[in-house]
Structure formats: C-alpha cells, structure tokens
Amino acid sequence: MGEFVPLVKLSIIILACLVVASVYATEYFDLSYSLNNDTIFYPGQKYDFELFKDKKGYTESGYWYAAYSFCMAEHGGTHVDAPFHFSEKGWTLDEIPESHMIDVPATIIDVQNDVFSSPTPDTFTLQVHHILKHETQHGKIPSRSVVLVHTGWSRFWPNKQRYLGFANSTNSTPTLNFPGCSIEAAKWLANERNIVGFGIDTPSVDIGNNGGNLPVHIFLGERQIYNIENVANLHLVINDVIKKGTVCNGVINILRLFVLPIKITGATGGPTRILAYC
Ligand SMILES: [Zn+2]
C-alpha cells in the first residue's frame, strides 16, 4: 500500500507531463498574410497599408527605442468582414461574439482542381454540389463552424494584377476577375450547417466580375455570419492534413480555428490573424 500511493502519484505526474507536452507540440498554421507594402486591398478604399517609422534608434540616454504608426483601410490583406459591412443591424467587428471566433471548428473545402481545370477559372463559384462532394469524402461539416474555401487563388498573391484579375479583363477599363461563392452555396451552408463564419482565399466572397451585385455579402451579413477574405496558406494545411495525414489523422473536418481581428469599436471589418490547429 505504501508503494502504491507513490506509484499513483508518479502516474499522475507522467500523465500531466504528457498532456502539457501534447499541448506544446500542437502545430499551428498561420492562415494570414503579413501586412506590408505588398498588401492587396479591395479597390476603391482610401488607404493602402503604410508603416511610419516615427522613432527608431538610440536615445540621448543611450537606450534603444522604436515606436511606429500604421495606416490602412479596414478591408485589406487577410481581414474579417463584420456583418455590419452589408447589414445595418449586423454586428460590428467588436460585437462579433468570441464564441464565433475563438477555438471554433473549421473545415477547408478544396476546389482548386475544379477552379483551374475550368477554361475560365475567374468565373468559378462554389456550388452546393462541391460541398456535398466534400462531405462525402471528409464527413459532415460540424454545426457552428467556419467554412474555408481553397480555390488556389493565393498562388497569385501578392501580384495585384493577377490576384484581382485585371490581367483577365477584356476591355481597357480593368474589371475584377476572381472566383467566389454562389448565393445558393452560401444559403445552404447557413441553413443546413448553421455556420458562424465563411472564408475564402480570394479578395471577396462574391466573385470579382459580379456586375456590382454582392448577394453573398448581403445574405451572410443579414444572418450575422462574418466573412474572412484573402485567407492565406490553406494549401499548407491541405498538404499536411489530407495528403500526408500527419496531423488530424488525415481528417480535415476536425480543424480548430482562432480568428483574431483587431478590436476597433464600430468597425465594418479589419485585419485579422488566423491560426488553425487540430
Ligand atoms: Zn472585406
């Protein structure tokens, strides 16, 4: 009995060490682009990203001191669209509940092959049948999750002309040309899977050449579902999770996500850090 108690204690300590080790061994994928002079903004906004190096150097007292300012529009780089962006009664950026952004289940729907096997990749839109095919292969999308779409468009980042699609314009006035989501797929994800957020690796959830219509933005905003645009590095997760099976045991539907936008009171959106793990 005297030896049994220390053995139990030892087992508990070993177990605790294993739990701690597994937490620290977690591999995080950063799904956000760094903000710098290459950052791409949706056209029509007032400010690109700019960093002002206000103070940088040794002071007269002999210590190092650096402090910068930055300026940017809300909708540039990897950023969240708050529901208020297209819905007057929608949440502003600071009002989105933490439970919709912190440690939420996430799924990546990979349509890259469909996009680039099309003769016009820039007109591709995610359809319900793409989602159903994904579920057949990877399981049902969890309720209250964030769905991320991998179109492969990130290969053009940070080439502004290719990424925004000016290179595919047929007239002298550049128009936007990049893939997006259909309104049918957005409605299906909201109604059938009760998603809390929707992200894509293009400049916008609505396709670029949309004739001024933004039905997906409007619908998702009215449903208090936030968007994430210019999502980065989805191919890294797909390569690891699906192709190598080294994390998540090859199952893409058990990803977890931290969506951490800057907290500006009343903002319509803003730059965000996104971290995925499983
Ligand atoms: Zn936006």
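Predicted model: local features only at pLDDT ≥ 70, side-chain atom pairs only at ≥ 80, totals over all residues.

The protein has seven helices and twelve strands, and of its 278 residues, 37% count as buried.

**The big picture**
- Look at contacts in the protein between residues at least 6 apart in sequence: 73% of them join residues at least 24 apart.

**Helix α5 and its buried face**
- Helix α5 covers residues 183-193, and its buried residues are A185, A186 and L189.
- Seen down the axis of α5, those buried residues fall within an arc of 105 degrees, so they line one face of the helix.
- An α-helix has 3.6 residues a turn, so residues three or four places apart point the same way.
- The cover over the buried residues of α5 includes the helices α3 (128-138) and α6, along with β6 (125-126), β7 (146-150), β8 (180-181) and β9 (197-200).

**How α5 packs against α6**
- Helix α5 and helix α6 (residues 215-222) pack at an angle of about 15 degrees, and their axes are 9 Å apart.
- Angles under 35 degrees count as roughly parallel, which makes α5 roughly parallel to α6.
- The crossing of α5 past α6 is right-handed.
- On the α5 side, I183, A186 and K187 make the contact, and they meet P215, V216, F219 and L220 in α6.
- Sort the residues of this contact by type and you get six nonpolar, no polar and one charged.

Notes:
Residues numbered from 1 in each chain as written. Axes fitted to C-alpha atoms, helices over the stretch in contact; angles between N-to-C directions. Helix = DSSP H or I, 4+ residues; strand = E, 2+ residues; numbered from the N terminus. Parallel < 35°, antiparallel > 145°, perpendicular 65-115°, else oblique. Left-handed = near helix turned anticlockwise from the far one by under 90°. Contact = placed C-beta atoms within 7 Å. Nonpolar A, V, L, I, M, F, W, Y, C, P; charged D, E, K, R; others polar. Buried ≥ 20, exposed ≤ 12 C-beta atoms within 10 Å, placed from the backbone. Arc of directions from axis to C-beta.
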